[in-house]
Amino acid sequence: MIYRTLSVSVTMFCVSVALGFSSQALAGTVTGKVSFTGQAPTPQKISMGADPTCAAFHKEPVFTEDVVANANGTLKNVFVYVKEGLEGKTFPAATQSVLLDQKGCRYTPHVFGIQVNQPLEILNSDATLHNVHGMPRESKEFNLGMPIQGMKLNRKFDKPEIMVKFKCDVHPWMNAYAGVLTHPFFNVTSDQGAFEIKDLPAGSYVIEAWHEKYGVQTQQVTVDEAGTQTIDFNFAG
Amino acid sequence: MADKTPSLYDLKKTTFWFAISGITLLIGLVVMVFQDSAREWKHWQAKFVEYSREKAESELQAAEKSLDEKKLEELKQSLAQVKETALARRQEMEAIQKELDPLQLEITKTKTRHQDLKQFHDSDRYFFEEYSEKGEAHKAADYRKKLSEREPEILSLKTALENQEALRDEKEIALKQWTEKEKEIEQEIKKLTRDVTGLETKVEKLKPNLAKEILNAPMLDFMNPTLRIQQIVVENLRDDYYFAKVEKVDRCVTCHLGIDQKGFEDAPQPFKTHSRLELFLSSASPHPAEEFGCTTCHGGSGHSVDFVTAAHTPRSEDQAREWKKKYHWHPMKHWSEKMLPLNYVEASCAKCHTGVVEVPQAPKLNEGRNLAQTFGCFGCHKVEGFGNRWKVGPELTHVQSKLESDWITRWLENPKDFRASTKMPRIFHLSNTSDPESVDKNNATIAGIAAYLMKNSDPVALESPKAAGDAKEGERLVKETGCLGCHTVGSLAANDHGPELTNLGSKVKADWLYTWIKNPKHYAPETRMPSLRLTDEEASHITTYLLSQRNEKFESKKPPLVKTEAVDEISLTFMTSKLRFQEAKAELEKMSPEARLEYVGQQAINQQGCFGCHAIKGFENAKPIGTELTEEGSKEIDRLDFGFVDIERTRQAWFSQKLKEPRIFDHGKVKAYHEKLRMPQFDFTDEQVDSLVTFLLSLQKSEIPLEMKKSLTIKENQIEAGRLLVSKLNCQGCHTLDGKEGSVRSIIEDKGNAPPILNGEGKKVEEVWLYHFLENPTPIRPWLQYRMPSFAFHEKELSAFVQYFNHLAGVEPSYKGKGIPPSTLEEVEAGHKLFQAFQCIKCHKSNPEPGLSASFLAPDLVMAKDRLRPEWIIDWLKDPQEVEPGTMMPTFFAEGKSPVTDMLEGDAAKQIKAMRDYLMVFTPEEAARITGEAKPSK
């Protein structure tokens with residue numbers, strides 16, 4: 001009797017452990033950092049004098065965001081994504097919306113990723129008129145006015161594209177970039193210059209890193225079950 | 001008994017010869033019959049049948065392959081099953097059928113009885129009413145009784161009828177359900193196999209069989225042959241057979257069998273499908289075959305059914321050789337309307353499409369017309385229908401204020417020496433005037449013309465630039481103010497309407513250039529060049545820049561040597577046409593050398609026809625010197641002087657040769673200097689020659705009756721009048737309009753800085769505003785560098801433009817004015833509040849601070865009430881990106897929803913209307929008020 005109970009519980013334990021492991025077996029991770037060597041160009045100061053509301057928001061001077069070199073020698077706002085290796089696979093579109101905010105007459109975030117048909121929520125946190133002028137090459141160009149503080153607009157992209165430029169015609173220094181992909185395997189480097197792409201199925205992939213000024217770089221990586229691969233990119237200034 | 005009686009003729013011999021002649025005649029008959037029936041077209045038709053059959057067979061194979069065999073099997077099985085069940089149920093069905101027939105009889109009986117009773121009922125009721133009325137109560141009561149007795153009977157009959165009918169329907173449904181299912185499945189099978197069965201029938205039809213052979217046999221083919229001549233009879237058109245005009249009958253389709261059917265695009269000729277069936281031949285197209293025939297557009301002999309006699313024209317020498325070998329082809333000597341070679345076929349479009357500036361879908365013909373206008377062909381050659389054109393060369397009535405005599409002589413020698421892109425052709429020292437004697441006469445003539453022009457032009461007051469200009473600034477101005485809308489400058493060659501701006505330092509003086517660009521019409525009242533409202537400084541800068549470019553080689557050219565003998569000889573030649581030689585000589589002695597030179601110039605201009613392109617004093621009413629070309633496309637080949645030049649004896653060959661090398665037909669001829677051919681050398685490219693020949697071939701004798709031509713409505717005529725003005729002044733050099741993109745857009749990177757797109761302008765702006773804007777342009781978009789020029793239009797031209805824009809946008813003339821009721825105070829306030837909420841003033845500033853980037857700026861809305869149409873403003877506010885894609889004005893009402901939810905119930909349509917009404921009363925004071933409110937209080 002005891003033997004029976006014991007064998008059953010041991011089996012169940014083994015099964016659950018195996019199950020636990022197997023769920024991890026489908027989750028590879030690619031991490032790394034994007035370092036920056038050389039001399040970063042001095043950021044230009046933005047003059048917001050044309051719109052007093054914008055100028056009033058910033059006590060300190062504001063600088064352009066095209067090259068943001070972090071203190072630890074890495075590069076911010078690099079869009080890292082899986083370029084090849086996922087052909088033939090489909091992924092459900094994420095339902096959670098991505099937020100693009102216009103705050104202090106700047107776009108936040110400056111670079112972001114979004115899936116095809118994933119809702120993009122555009123918010124105007126400023127008490128001034130902004131317009132969101134998206135210029136995709138694959139989809140139709142759009143230009144939406146946002147005169148009211150706190151108003152939100154929703155948009156969806158129906159075709160993948162690297163990268164869609166957003167600009168504001170009222171405030172010409174404002175721009176943002178969106179990477180539209182059919183899959184959720186992308187990440188943007190932070191203040192530490194690091195990126196992490198999780199839950200990748202096992203396989204061989206080409207990872208691409210995009211920067212708005214320094215172009216693109218690619219690397220090959222093979223991910224196995226439950227493994228973590230580390231790759232690094234380096235952009236030279 | 002062989003009685004050797006003498007006979008007139010030998011019976012044996014007679015019989016013999018009779019037999020021979022009989023057999024010969026029989027053979028002759030048979031040969032004739034067979035030769036007569038062995039026609040070329042029958043061969044092609046038989047080939048076509050074979051080709052179609054092969055095609056149908058391959059299609060059949062493909063269809064069979066693509067047939068869903070599995071599904072078909074399934075269906076067939078279910079059909080068999082249903083049939084089986086039906087068979088099993090057969091007895092049941094028969095039983096039901098047996099019940100049905102007597103039931104039907106019962107129903108009929110009941111129905112009839114019911115109707116009878118109803119009639120009795122009506123009759124009784126009539127009598128009852130009558131008797132009641134009459135007061136005969138007794139009789140009335142009788143009928144009353146009858147009525148009351150009958151009613152229940154009628155009711156019961158009705159019920160019985162309904163029951164019986166219900167029963168019958170039930171039984172019929174029961175029957176049907178077996179047969180219906182069968183039918184359904186059969187339908188499905190039919191659908192599935194439809195393509196295959198269709199193709200099978202087709203293939204069957206096209207198979208040769210004995211019956212067809214017999215029907216097509218010689219002597220028997222009068223009954224109902226399968227191979228027969230096909231023809232299209234176009235009743236209202238005539239073919240000219242000299243002395244008789246015969247109804248047009250086109251038998252081309254006898255051999256060209258697949259020409260109007262889709263599916264033969266890859267077939268070998270003559271079966272190939274016609275190109276662009278949606279435009280030609282199909283009954284839904286604007287040129288259906290039954291109404292137009294074939295030869296109307298292609299020429300040729302439609303009555304013929306033979307390859308050679310149909311006057312097919314080969315496309316090239318190679319094809320001519322191929323045809324000669326394969327088909328024993330030779331050109332039809334006595335049929336003058338030969339088929340047009342395919343590369344000139346657009347020439348026929350102009351037969352019906354008259355009165356239009358550009359013939360739709362005929363790019364080569366239109367190019368030819370444009371070239372003819374640009375290079376001034378109509379200056380020498382009269383062409384009916386092109387008389388409303390303009391002189392293409394600059395006016396020479398004031399030329400002494402512009403040019404030096406030396407420059408004119410160097411220019412006339414060879415214009416391309418000064419500027420390779422010039423449109424002025426070369427007149428002197430051409431192939432027939434290159435011998436030494438002619439060269440002397442050329443030089444004398446050139447000097448004479450220069451002398452005449454300098455003496456016979458009126459001076460014009462010139463202004464000097466007040467300060468020295470900066471060449472760099474001048475270059476920027478030239479490239480950014482709008483000169484590129486017509487002129488090519490260096491490598492920026494978006495437009496070629498006016499002369500290329502190069503080497504001007506070798507041609508004109510600063511005074512002249514400065515005066516010219518400030519106000520062109522001051523020097524040349526008829527010029528097409530508009531004024532760009534340049535300030536004195538701008539004009540000075542531009543002058544300095546343009547004069548900085550020189551052509552050293554041209555400047556160092558030695559003026560030609562003028563021999564006095566040549567001058568005298570030429571003068572005498574002209575004088576002796578009116579006077580006797582001695583008198584002429586005497587006259588000549590009286591003239592000074594300058595006077596002789598001037599005389600030579602005057603006569604030369606008269607002879608050479610310079611006034612055809614240039615307005616020259618003294619030649620205001622001179623007649624053009626060239627041959628009239630109104631019907632050149634129909635000209636008899638024998639009337640064209642081929643001279644000793646060995647080219648094909650066709651019109652197109654002659655035209656091509658003439659355009660390439662106009663004087664070549666003088667080759668080998670002995671002619672006096674003034675009898676030689678005069679047409680100048682234009683140096684056309686082969687492509688240009690092709691287009692021009694298409695144009696020339698389009699100038700045909702008009703034999704199309706008016707009702708068959710494409711007649712223009714009044715609106716279309718007004719659009720064409722507008723189009724003529726547009727082509728004269730090159731509006732499309734800057735503006736995208738009427739289907740053509742603005743040429744300068746290709747060299748402007750940021751399209752926000754490009755001249756505005758004018759599509760739909762008639763729907764957008766008010767007519768009165770447009771009229772006055774064209775009369776006197778004022779800036780609308782302050783950020784644009786390019787300036788809208790001032791053209792100094794007449795009233796007629798201004799009205800023509802307004803009509804043109806209106807018609808293009810489909811705007812009907814209306815007299816309702818603004819058509820919106822005046823706004824109440826609340827409405828204006830609502831509009832005002834919305835204006836603030838949407839922060840319109842952020843971009844639509846009335847007085848923008850200088851230095852703001854272009855993306856900030858938008859037109860001043862104070863203009864809106866006079867400029868914009870109220871209906872258009874509504875459409876614009878709803879979604880600007882729909883009205884003008886790419887505009888910087890954002891969409892505020894995405895998906896029809898308003899972001900402002902607390903005004904006018906958040907209703908987007910109401911808000912748009914309120915803002916539109918507010919704009920209609922948006923005065924400068926309002927604008928100032930809003931601007932003041934918009935500034936945040938510090």
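Begin by selecting helix α27 of chain B: the buried residues of α27(B) pack against α24 (714–729), α25 (761–764) and α26 (767–775) of chain B. Please note that the model on display is a predicted one.

Next, display the side chains of α27(B). The buried residues are Glu797(B), Leu798(B), Ala800(B), Phe801(B), Val802(B), Tyr804(B), Phe805(B), Asn806(B) and His807(B). An α-helix has 3.6 residues a turn, so residues three or four places apart point the same way.

Beyond α27(B), select Gly810(B), which follows the helix and has a positive phi, near 75°.

Now turn to the boundary of chain A and chain B. Chain A contributes 20 residues to the contact and chain B contributes 22 residues. The area buried between the two chains is about 1,700 Å², and carbon and sulfur atoms give 63% of it. Select Leu129(A), Asn143(A) and Pro147(A): these supply 27% of the area that chain A buries against chain B, more than any other three residues.

The interface holds 2 salt bridges.

Finally, colour α2 (52–57) and β8 (142–146) of chain A, the elements that give two or more residues to the side touching chain B. Of these, β8(A) gives the most, with 4 residues. The residues on that side of chain A comprise 11 nonpolar, 5 polar and 4 charged.

Notes: Residues are numbered from 1 along each chain as its sequence is written. Chains are lettered from A and ligands numbered from 1 in the order in which they are written. This is a predicted model: local features need pLDDT of at least 70, side-chain atom pairs count only at pLDDT 80 or more; totals for chains, interfaces and linings use all residues. Side-chain values use heavy atoms; hydrogens and water are left out. Contact means heavy atoms within 4.5 Å. Buried area is the accessible area (1.4 Å probe) that two parts lose on being put together, summed over both. A salt bridge is a side-chain nitrogen of Lys or Arg within 4 Å of a carboxyl oxygen of Asp or Glu. Ala, Val, Leu, Ile, Met, Phe, Trp, Tyr, Cys and Pro count as nonpolar, Asp, Glu, Lys and Arg as charged, and the others, Gly among them, as polar. Buried means under 20% relative accessible area, exposed over 50%, partly exposed in between (1.4 Å probe, protein chains only).
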